[in-house]
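Here is a short briefing on one protein chain. Look over the sequence and the model, then read the points below.

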Amino acid sequence: IFSIFLVFCFVAPEPKMAELRMRVLEARDLPIMDRSSKLTDAYVEVRFADYLSRTSICRRTLSPVWNHSCSYEVRDLETLQVEPLEMKVFDYDVFSRDDLIGVVVVDLNMILAEANSSLGPAWFPIFDTMHGLRGELLLSVRVKYFTQ
């Protein structure tokens, strides 16, 4: 007589410690990136740790409005302290590589120090190392903690 023993290993997922919620609302005073139209086809890439989100492309405007929301589950609170939140603003191009307009970097430690763990909506300068200030980005960021 043969006995078959089935052993099931269940590995519980790591509990999420917090959720980082981001909203990319709009931009203003973007530079002209298309010489023929004198406008820009802008979108934003939102990066945090290994997470990436992208807004839609707002065509032919220097003041795009996205109202883009995204969130990231944080399993290690140290990640909030170490990893910056980075928004790269691009100009979309059909026939060539998209052009980087500039970057906004948010140190989340300034949010973690706030009583309600949120920031904004607030305007942040879009900066490029070669061209300097390239407009402003309206963002809101919130950290929501979960109890164990």
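D29 is found in the loop between strand 1 and strand 2. This is a predicted model. D29 has a positive phi of about 60 degrees, although D29 is not a glycine. D29 counts as exposed, because its relative accessibility is 55% and exposed means over 50%.

- Most residues other than glycine have a negative phi, and most peptide bonds are trans.
- R60 is another residue other than glycine with a positive phi, here near 55 degrees.
- R60 sits in the loop between strand 3 (51-54) and strand 4.
- The relative accessibility of R60 is 56%, so R60 counts as exposed.
- The peptide bond from G120 to P121 is cis, with omega near 10 degrees.
- P121 belongs to strand 7.
- S37 lies in the loop between strand 1 and strand 2.
- The side chain of S37 makes a polar contact with the side chain of D34, at 3.3 Å.
- The S37 side chain also reaches the backbone nitrogen of L39, at 3.2 Å.

**The chain as a whole**

- The secondary structure comes to two helices and eight strands.
- In what order do the elements follow along the sequence? The pattern is β-β-β-β-α-β-β-α-β-β.
- The chain has 148 residues, and 37% of them count as buried.
- Take the contacts between residues at least 6 apart in sequence: 60% of them join residues at least 24 apart.
- The accessible surface of the chain comes to about 9500 Å². Carbon and sulfur atoms account for 54% of that surface.

**The nonpolar core**

- How many residues does the largest nonpolar core have? It has 31 residues.
- Those with the most contacts inside this core are L20, M22, L85, M87, V106, L108 and L137.
- Several strands each supply at least two residues of this core: strand 1, strand 2 (42-48), strand 4 (65-74), strand 5 (85-91), strand 6 (99-106), strand 7 (118-128) and strand 8.
- Which strand gives the largest share of this core? Strand 1 does, with five residues.
- Leave aside the neighbours of L108 within four places in sequence. L108 is then in contact with L20, F48, L80, E83, L85 and V141.

**Salt bridges**

- Side chains of opposite charge can pair when their charged atoms come close.
- The structure holds four salt bridges.
- R28 counts as partly exposed, at 31% relative accessibility. E136 also counts as partly exposed, at 22%.
- Is E19 buried or exposed? E19 is buried, because its relative accessible area is 12% and the cut-off for buried is under 20%.
- R21 has a relative accessible area of 33%, so R21 is partly exposed.
- R75 counts as partly exposed, at 37% relative accessibility. E73 is partly exposed too, with a relative accessible area of 38%.

- S53 lies in strand 3.
- Its relative accessibility is 9%, so S53 counts as buried.
- Which side chain does the side chain of S53 meet in a polar contact? The partner is the side chain of H68, at 2.8 Å.
- What else does S53 touch? Not counting residues up to four places away in sequence, S53 touches V44, E45, V46, H68 and C70.
- S53 and S69 are 16 residues apart along the chain, and their C-alpha atoms are separated by 9.2 Å.

Key:
Residues numbered from 1 in each chain as written. Predicted model: local features only at pLDDT ≥ 70, side-chain atom pairs only at ≥ 80, totals over all residues. Heavy atoms only, no water. Salt bridge = Lys/Arg side-chain N within 4 Å of Asp/Glu carboxyl O. Buried < 20%, exposed > 50% of the residue type's maximum accessible area, 1.4 Å probe, protein only. Core = buried A, V, L, I, M, F, W, Y, C linked by side-chain atoms within 4.5 Å. Helix = DSSP H or I, 4+ residues; strand = E, 2+ residues; numbered from the N terminus. Contact = heavy atoms within 4.5 Å. Polar contact = N/O pair within 3.5 Å; in protein donor to acceptor, adjacent residues only side chain to side chain. Areas by Shrake-Rupley, 256 points an atom, 1.4 Å probe, with all protein chains shown as cover.
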